[in-house]
Amino acid sequence: MNVPTGNSVDGPARHRRLGIYLNDHLAGATGGTALVRRMAQEHHASAYGNDLDKLAKEIAQDRRALAALLRDLDIPVRRYKRGLAWLAERIARVKPNGRLLRRSGLAVLVELEALRLGAQGKASLWRALLPVSALEPRLDADRLEQLLRRAEQQIRTLDSLHARAVVQVFRLHPRTTERPAS
């Protein structure tokens, strides 16, 4: 990995790299927001509905917080990256799932896994920005900590949803403690 040394990091170069990094995360947040909104709509009447609705609201808020952070730092939004992320989310819907005309239960597993990866990436973003906030006064460390805690809670919620979906998709039944007589 090619990591710059302390002497090679100057303000403009750091700002440029920060802009690329934040725009990449904004693109991911755009795709994640579209995915979780669609999932919340599709599953609104299911056992997942309330959790997905809450996640959709929080993930949209997190995306807005990231967009505000770019504005606060005077970093231009790279709209083509957002557009590509939006398109990628739409294309990902067209995947083989073992059914010809309708979605299978497997889709919910893969989508929950994608959301979890996004939440992990978001947590890594907030964690990475914390030390940067010592050099950049426009980054509020307390706000970053709040966003990090929320991302970690989202990961726990997604893990719970995923575990429930595995049971449902694969029609698993709790094991009984009794063993058959030999």
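Glu 58 is buried, with a relative accessible area of 14%, where buried denotes under 20% relative accessible area, exposed over 50%, and partly exposed in between (1.4 Å probe, protein chains only). In this predicted model, local features require a pLDDT of at least 70 and side-chain atom pairs count only at pLDDT 80 or more, whereas totals for chains, interfaces and linings use all residues. Residues are numbered from 1 along each chain as its sequence is written, and side-chain values use heavy atoms, with hydrogens and water left out.

The protein contains five helices and zero strands, giving the pattern α-α-α-α-α along the sequence; helices (H or I, at least four residues) and strands (E, at least two) are DSSP runs numbered from the N terminus. Of its 182 residues, 38% count as buried. The accessible surface amounts to about 11,700 Å², and 57% of it belongs to carbon and sulfur atoms, as calculated by the Shrake-Rupley method with a 1.4 Å probe, only the protein chains shown counting as cover for residues. Among contacts (heavy atoms within 4.5 Å) with a separation of 6 or more, 77% are accounted for by residues 24 or more positions apart.

Mean pLDDT, the predictor's confidence in each residue on a scale from 0 to 100, is 86 for the protein, and 76% of the residues reach 70 or more. Confidence is highest in helix α2 (residues 49-72), at a mean of 98, and lowest in helix α3 (residues 79-92), at 61. Over residues 5-9 the pLDDT stays under 50, and the model has three contacts beyond four places in sequence for this stretch. The pLDDT is also below 50 over residues 97-101, a stretch with five contacts beyond near neighbours in sequence.

Because Glu 58 and Lys 54 are four residues apart in helix α2, about one helical turn separates them. Lys 54 is partly exposed, at 48% relative accessibility.

Eleven salt bridges are present in the structure. One of them joins Arg 38 and Glu 111, with 2.8 Å between the closest N and O atoms. Arg 38 lies in helix α1 and Glu 111 in helix α4 (residues 105-132), so the pair ties together parts 73 residues apart in sequence. Arg 38 is buried at 9% relative accessible area, as is Glu 111 at 3%. Arg 38, Glu 42 and Glu 111 are linked in a network of salt bridges. A further salt bridge is formed by the side chains of Arg 127 and Glu 152 (3.2 Å, N to O), linking helix α4 to helix α5 across 25 residues.

His 43, in the loop between α1 (11-42) and α2, is buried at 16% relative accessible area. Beyond residues up to four places away in sequence, His 43 touches Tyr 48, Gly 49, Leu 52 and Val 108. Asp 74, in the loop between α2 and α3, has a positive phi of about 55 degrees although it is not a glycine, and is exposed at 58% relative accessibility.

Conventions
Salt bridge = Lys/Arg side-chain N within 4 Å of Asp/Glu carboxyl O.
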